[in-house]
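Hi,

Here is the structure I promised to pass on.

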Amino acid sequence: MARCTPLHDLHAALGARMVDFGGWDMPVHYGSQIEEHHRVRNDAGVFDVSHMCVLDLRGAGVRPFLSRLISNDVAKLRLSGKALYSCMLNEAGGVLDDLIIYFMTEQWFRVVVNAGTRDKDIAWMRAQAAVWHSDIEIIERSDLAMLAVQGPKARQIASDLLPSHLRAAVLLLEPFFGCEYLSTQGSTWFIARTGYTGEEGFELILPVGEVVALWEALNAAGVASCGLGARDTLRLEAGMNLYGNDMDESHNPLESGLAWTVSFDDSGRDFVGRKALEAFRTTLVPRKLIGLILEDRGVLRAHQRVVAGLAKDALCEGEVTSGTFSPTLARSIAFARVPQATGETVQVEIRGNLLNARVVKLPFVRNGRILITL
Amino acid sequence: MSQVLADLKYAKSHEWARLLSNGVIEIGITDHAQHALGEVVFVEVPMVGREIVAAEACAVIESTKAASDVYSPIGGKVVAVNDPLGAAPELINQDCYLQGWLFRVQPISDAEFDSLLNAQDYIEFLASQGG
């Protein structure tokens, strides 16, 4: 039985087409996935991301716990509200999940993990905490819902709907910061300047009972309801990985385009997976994640074979990890994991034909602007 | 409720077939099919001149979701394809029975066309499939 978010009935009333996502019955679109995509790039859209799992880690031992648990370094979190993106690795360096951590206080860090991995993640965190005798408590916040309001107009429109005493303050939030605010209902809303679309916007975490009214108010203010279909094409254009596609337990961050999220700087920090990654780093990392744009006509899709054209090299093939038709570029784009020595062009096998694709620097699109040469 | 045109023939794989005045059969996908596929972003049609048999996969429609094969309801020789779909694949969503046609076949025989479902049969088939 699929799980439902507090907005499930509203999605149905809005005519959403629903799809199973990580065990959740979620809206894929409300009529036109492509139109929803453009609304976020050009205007503002709202996504139900309440399937994602909000965890509050509390206790005196939280910072040392996270310092060992994740591959990025929570030492970077000094200002209250600052967010950090990281992978959580297993001992072999494989990616258990990618997550966002907000530093609230020295006794409290808020962590947002993926829907499909929530049970695995919580079990892993609890097991590590037991082994390390960490003085922490892991609290699953099923009482909270989460919306992402994204697009060039998202922050202004969303802030206009907030209680008047909050408006100025939330507009002053720095990128990649979050903060708690007391709503007019007397409840606490967590608002962060984060997202997964490559556009400006907020992610709002608020009590389950208040989320339907907020969604309806956003719609009334001209913010488009957007489904997970548009969320996927937006994040792909923005060069952002999807867990399970672009990284997983069989692939480490260094071969998943996520070396920037791994902090080796503190040589004394013994995070899970460090030894495996250090060993991996001693030789040239054999594979890398790249961006592709299809030069021929067709649509790139996950798991298509990539021929990197290095005939003398044992590693001459790769695989598309995520692919789609990009509404902004009106071309097909993808991420692919390929041999490190891959040049500027590759071929991708689509239905038995080898089609030409060009390697491009990620992201494809950011803040409404196309960043690659078409 | 999907739109079904009275003057066309249908296959259970959700293609329609239209007999043109010159005996050529025009093929496309039904309203039910385009709705199920979602927004079409790319169409691959067969080469003109290709010989196909009934139920052969000979075109591909890529939607925002996935790639789907199109099966020719009848056998014969492909004599024309709908070139405007290359630049405007969304015609399949907007007008699947007219501007969204896929390809035209010179049939080998009349029997295959005659044996396809008529509109009423197809409506009943859709109802039996739950929609």
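Predicted model: local features only at pLDDT ≥ 70, side-chain atom pairs only at ≥ 80, totals over all residues.

Let's start with V62(A), which sits in helix α3 of chain A, the stretch covering residues 62-69.

Is V62(A) buried or exposed? The cut-off for buried is 20 or more other C-beta atoms within 10 Å, and V62(A) has 28 C-beta neighbours inside that distance, so it counts as buried. If you skip the neighbours within four places in sequence, the residues in contact with V62(A) are L57(A), Q107(A), W108(A), F109(A) and I136(A). For a sense of scale, G22(A) is 40 residues away from V62(A) in sequence, and their C-alpha atoms are 28 Å apart in space.

Now for chain A as a whole. It has 9 helices and 21 strands. Its radius of gyration is 21 Å, close to the 21 Å that the globule rule gives for 374 residues, so chain A is as compact as a globular protein of that length. If you want to picture the outline, the C-alpha atoms fill a box of roughly 65 × 50 × 40 Å along the principal axes. Buried residues make up 45% of the 374 in chain A. Counting contacts with a separation of 6 or more, 67% are between residues 24 or more positions apart.

The helix I'd look at next is α2 of chain A, residues 33-42. It is mostly covered, with 7 of its 10 residues buried. Which ones are the buried residues? They are Q33(A), I34(A), E36(A), H37(A), R39(A), V40(A) and R41(A). What do they pack against? In chain A, the partners are the strands β2 (24-29), β3 (45-48), β9 (144-150) and β13 (224-226), plus helix α8 (228-237).

The crossing is right-handed. On the α2(A) side the contact uses Q33(A), E36(A), H37(A) and V40(A), while α8(A) brings G229(A), A230(A), T233(A) and L234(A). By type, the residues of this contact split into 3 nonpolar, 4 polar and 1 charged. As a reminder, an α-helix has 3.6 residues a turn, so residues three or four places apart point the same way.

There is another helix pair to check in chain A: α5 (residues 154-161) and α6 (residues 164-171). Their axes come within 7 Å and cross at roughly 155°, which makes α5(A) roughly antiparallel to α6(A). This crossing is right-handed too. Here R155(A), S159(A) and D160(A) from α5(A) meet R167(A), V170(A) and L171(A) from α6(A). The residues of that contact come out as 2 nonpolar, 1 polar and 3 charged.

Finally, there is the meeting of the two chains. How many residues of chain B are in contact with chain A? The count is 8 residues of chain B, against 10 residues of chain A. On the chain B side, β4 (40-44) and β6 (57-63) each supply at least two residues. The residues on that side of chain B are 4 nonpolar, 2 polar and 2 charged.

Cheers

Conventions. Residues numbered from 1 in each chain as written. Chains lettered and ligands numbered in written order. Helix = DSSP H or I, 4+ residues; strand = E, 2+ residues; numbered from the N terminus. Rg over C-alpha atoms; globule rule 2.2 N^0.38 Å. Buried ≥ 20, exposed ≤ 12 C-beta atoms within 10 Å, placed from the backbone. Contact = placed C-beta atoms within 7 Å. Axes fitted to C-alpha atoms, helices over the stretch in contact; angles between N-to-C directions. Parallel < 35°, antiparallel > 145°, perpendicular 65-115°, else oblique. Left-handed = near helix turned anticlockwise from the far one by under 90°. Nonpolar A, V, L, I, M, F, W, Y, C, P; charged D, E, K, R; others polar.
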